Amino acid sequence: MTTEAEAPPESPFILFMAEPMFSEELSRLKTWVHGLLLPVYGREVTTTLPWCPQWWEHLEAVARLHALWLAWQDANAPGAALQSLSAWHRDHLNLTLPVLRDPSGPFAGCKRGSHRLKEIPYTEGVRP
């Protein structure tokens with residue numbers, strides 16, 4: 001058992017957050033995704049570029065989008081270098097969206113108006 005002074009700092013990673021902090025952060029992430037990311041960068045949904053209408057139900061998508069949003073906040077913060085937003089596009093957005101929208105990515109099997117959860121890969125003989 002650790003004392004409060006010895007406890008590690010809270011992680012900014014959304015999947016490590018406990019309730020109610022997780023739900024609050026997810027709500028803010030949804031606002032950013034629906035208010036900026038999708039209207040500006042969301043492309044048409046096709047079988048080769050899937051997007052799930054319930055993206056927040058896919059933990060991989062939540063993790064990746066949250067990291068993208070955190071990087072956006074840094075790049076868009078007062079006092080950020082003038083090239084920060086360009087670097088955000090190059091180093092974060094351009095790497096994240098193709099992974100999310102890959103036909104075998106987290107939204108594989110999801111279609112416009114349809115959500116399908118993925119099965120966790122089966123493993124054998126794994127020890128904790």
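Is R28 buried, exposed or partly exposed? R28 is partly exposed, because its relative accessible area is 41%. Buried means under 20% relative accessible area and exposed over 50%, with partly exposed in between (1.4 Å probe, protein chains only). This is a predicted model: local features need pLDDT of at least 70, side-chain atom pairs count only at pLDDT 80 or more, and totals for chains, interfaces and linings use all residues. Residues are numbered from 1 along each chain as its sequence is written, and side-chain values use heavy atoms, without hydrogens and water.

The side chain of R28 forms a salt bridge with E25, at 2.8 Å from N to O. A salt bridge here is a side-chain nitrogen of Lys or Arg within 4 Å of a carboxyl oxygen of Asp or Glu. Both residues sit in helix α1, 3 residues apart, about one turn of the helix. E25 is buried, because its relative accessibility is 10%. Helices are DSSP runs (H or I, at least four residues), numbered from the N terminus.

## Other salt bridges

The whole structure holds 3 salt bridges. One of them joins R64 to E60, with the closest N and O atoms 2.8 Å apart. These two are 4 residues apart in helix α2, so about one helical turn separates them. R64 is partly exposed at 33% relative accessibility. E60 is partly exposed too, with a relative accessible area of 36%.

D91 and R90 also pair through their side chains, at 2.6 Å from N to O. D91 is partly exposed at 34%, whereas R90 is exposed at 52%.

## Helices α2 and α3

The axes of α2 (residues 59-75) and α3 (residues 84-100) come within 9 Å and cross at roughly 175°. Axes are lines fitted to C-alpha atoms over the stretch in contact, and angles run from 0 to 180 degrees between N-to-C directions. The crossing therefore makes α2 roughly antiparallel to α3, a label for angles over 145 degrees.

Contact means heavy atoms within 4.5 Å. On α2, the contact residues include E60, R64, L65 and W72. On α3, they include W88, H92 and L100.

## Nonpolar core

A nonpolar core is a set of buried Ala, Val, Leu, Ile, Met, Phe, Trp, Tyr and Cys residues joined through side-chain atoms within 4.5 Å. The largest one has 25 residues, and L29, W32, V33, W55, L65, W88 and F107 touch the most other members. Helices α1, α2 and α3 each supply at least two residues. The largest share, 8 residues, comes from α2.

Conventions:
Angles under 35 degrees count as roughly parallel, over 145 as roughly antiparallel, 65 to 115 as roughly perpendicular and the rest as oblique.
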